[in-house]
Structure formats: structure tokens, C-alpha cells
Number of protein chains: 2
Amino acid sequence: MTIEVLLVDDHPVVRSGLRAVLDGRGTLTIIGEAGTGEEAIVLAEHLRPDVVLCDLRLGRGIDGIATTAALRALEPAPAVLILTTFDRDAEILGAIEAGAAGYLLKDVAPEVIIEAIESAAAGKMFLAPDLNARMIQTMRKPLPRLTDREIEVLNLLATGATNKEIARTLFVTEATVKSHLVHIFTKLDVDSRSRAVHVARETGLI
Amino acid sequence: MTIEVLLVDDHPVVRSGLRAVLDGRGTLTIIGEAGTGEEAIVLAEHLRPDVVLCDLRLGRGIDGIATTAALRALEPAPAVLILTTFDRDAEILGAIEAGAAGYLLKDVAPEVIIEAIESAAAGKMFLAPDLNARMIQTMRKPLPRLTDREIEVLNLLATGATNKEIARTLFVTEATVKSHLVHIFTKLDVDSRSRAVHVARETGLI
DNA sequence: GTGCGCATCCATCAAATGGTGGACGCGAGG
DNA sequence: CCTCGCGTCCACCATTTGATGGATGCGCAC
């Protein structure tokens, strides 16, 4: 009774690497590969893998989080392990919320990946060791909930737009933009547009 | 007479993938793997590869550009192919300046990598097709040359630091910081700290 | 229906920022 | 030797930004 695994990554090289590292290692079998989230969903429906190993960033098309959500909605739902290069907090949370069973950085040793897959297949959570501390911290101080409008303003802010420009773009007055900024600053606990952009980037908000 | 290739990437999985995809393909042989730039330099000295396939981001330690420079200083110098996930302009230029024979994105097909290695071994340049347009454009309007000090200021700027904080950090007065900022703004052709950070990010300056 | 959160708007004031135009010493290269 | 780029510093002033403390309408949930 081997664990059947589906690989999802937009880089052929990485897929080959994972296959080389994982396939045939005792309890694991790679039963398929997908280069996009859409492809992964179709394949998962047909192949019914036990575990899907999915990159968070999938180039064009839907991202890893959306893919995870779609996969978890299948019957029966495969366990989804997120494997990626980055450790952006918001994305980790997003993946977990979407039903991922774990989160791994790509620079871990192959054994760790195998271990994670086995955990996932057994229905357990698995988080990369170096992520736990950060996770807990992020959990402890949950990401502030920004409104859609605030996110919009934040994104313009990140392009270096002035209040006037933001106002013009959103068809509101500068005063309104300032209000939004005050709210954003309060939620992010900062006191300048630059720093707002910085923490927004750090937390993966943008 | 096969082409001897040394792999340099901080992700074991990617190394395995490259090996799986490249090794034994007729004219190529993988003769070694390194997980850091330092390791790559030592290995290259002993193994004398024809081509080094090197990731631009190598986690801890020296980066791909520094590694490239060191490798090109060897006698005889291997051809260096940069292989990476990102297409940040400044880094491409940096790699080329450091003597790289080419630049590939990781999401290309294995055949392209082989082709690139063969080009490199033959002493030719190889640039990923989708990069050329961007390259030319970057060449045409060369990235402004920022001094070390200006880069320092720019990085602090990107963290959202105020002039006062930058001044404290660099042990200079606020007036000096402003001077640096003015220079940075002029070179980047912007007129606010936020936008400076934005274009610096866009051009890969930081 | 009465809150409550959201988006919108307003005015005023203090602080930070950016623009201008300088000045000096120092080290590398012509 | 002497210029040039760099890092450092200064002053003055216009603009932008952020802080404060409001107000209105709207939709949704209790």
C-alpha cells in the first residue's frame, strides 16, 4: 500500500528533481505531474492521489492557494502539501486556511519532504521546523483585516503614488485618501506610507 | 569528448532535477554538485568543469554573481551559465558583467538548458529568448549607477525608515541623508522616497 | 430599528519631506 | 598637479504628509 503522490510545479526541472528524489522510495509513488493549478485539479480528479505536492507560485494561471482550495473540495480530497521557495507569512496562512496539510521550503533535505508526505498521508499537519516560530507569532498577532478599499490604496501606495494621485485614480478626494491611510496605518501599526508598504510586503499583504 | 558540467544550487531538489534532466544526455556529463558558491569555487578548481550551471540566489553565503566572478578568475576558466527563477534586470546585467556566458529562467524546457550548455561550452553567449527584449531595453537606458552609500540609503528607505532614522543608522546628519536622497531621486528620475523604492524594486536595484 | 463597520468627506495644524544651491576634504586617475 | 566623483555638511523654503476630531450615508446583522 504505497502513498500515491501528484506533483504540481511550473518548473519542469523541479518536477524532475522531486521525482528523482522521491519516486520509488519505499512507500511513495509519483503517479503524475502537473505544470499548472488547472491541470493539477483535472489530474487529481482522475488519478485520485493520496497527497498532492504543490508549489505556491505556479506562474500563469491560478496560484497554489486556489489550487489547494479546489483540490480539497474534491471527493475524496487529497492531502495537499505546499512546497515553495518563499516563507511569506500571509501565504502560509492562506494555504493552511485553504486546507493544506503542511508547508515546506524547497531547500529542505529530501528526507524531510518524504517525512512530510508520510505525515500528510496519515492525516497529520506538517510545518517546516524553521517556520513554526514565525507561524506562532503570526497567529498570536493576527494579520489586521484590511478592507478592499484599503488594499486598493495600499497597492497604489506601493507604486509610490502620492495622495493626490491615489485620489485621482480612485475618484475620491485627497481627504478621503488620507482617511484610508490613517486607517491603514493604525491597522498595520505604522506611521508612514513607506513603512506601511514595507510591512505590507513583509507580511505578504501585497 | 563530452561536456563536463558542475551544478550549483542551494536546493537539493533542483540539483537532483537538473541531474535527472541533463546527465547522460549524449554530450553532457554532470561531474559535480555544489550547494553554495564557496563550495562551487573549490570544486571547480579540482574538477575543472567545462561549464558551471549556477543559481543566482544561493541562500547563505556569496551569491551567484560573486561566484561567477570567482569562477571566471580560475585558470582555465569554466563557462558559467546562470540559471534562476527570477528575471530581475539588474541581476542579469551583473551576471553578464561578471563574465557569465548566459542566463536562463528555471521554467524553460530541459532542451533549452542543454542547448544553452552546448552554446556555452562552444564559447557562445546564450540568453533566454524572452529576456532579450528586456535586455536590449535595459542596455538602451542603462541603469543609473548608484554609489555604495546611495544603495545603503536606498535599502534603508525600502524598510520605511525616516530621514532621521537613516541618519542615525549611518552615523551622519539628516542633511547628509537628504543629499543622498536628492542624488538617488535624480538618478532614478523620481521625486519621492516611495517612488524611489518602487522603481528600485522594479529594476532589481534592491 | 438600532447598532456597527465601511466608505466617503471636511478643516486645521505640526512635522516630515523635497528642492535649491551651495561648501569642504579626500582619494583616484588624467 | 589638478580635476572629478564621492561623502559629508549647511540653510532656506515650498509642498506633502500625518494627526486630530469630526460628519454623512449605506448596507447588514442582531
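Helices (H or I, at least four residues) and strands (E, at least two) are DSSP runs, numbered from the N terminus. A residue is near a molecule or strand if its C-beta atom, placed from the backbone, lies within 6 Å of it. This is a predicted model, in which local features need pLDDT of at least 70 and side-chain atom pairs count only at pLDDT 80 or more, while totals for chains, interfaces and linings use all residues. Residues are numbered from 1 along each chain as its sequence is written, and chains are lettered from A and ligands numbered from 1 in the order in which they are written.

**Chain A**
- Chain A has 10 helices and six strands.
- Along the principal axes, its C-alpha atoms fill a box of roughly 65 × 35 × 30 Å.
- Of the 206 residues in chain A, 39% are buried (20 or more other C-beta atoms within 10 Å of the residue's own, C-beta atoms being placed from the backbone).

**Contact between chains A and B**
- Chain A and chain B each bring 28 residues to the contact (C-beta atoms, placed from the backbone, within 7 Å).
- On the chain A side, α1 (12–22), α7 (148–158) and α10 (193–202) each supply at least two residues.
- α1(A) gives the most to that side, with eight residues.

**Surface near DNA strand D**
- DNA strand D is surrounded by 23 residues, and the closest are Thr162(A), Thr147(B), Arg149(B), Val172(B) and Ser179(B).
- α8 (163–170) and α9 (174–188) of chain A, and α7 (148–158) and α9 (174–188) of chain B, each supply at least two residues of this surface.
- α9(A) provides the largest share, five residues.

How values were computed. Two residues are in contact if their C-beta atoms, placed from the backbone, lie within 7 Å. A residue is buried if 20 or more other C-beta atoms lie within 10 Å of its own, exposed if 12 or fewer, and partly exposed in between; C-beta atoms are placed from the backbone.
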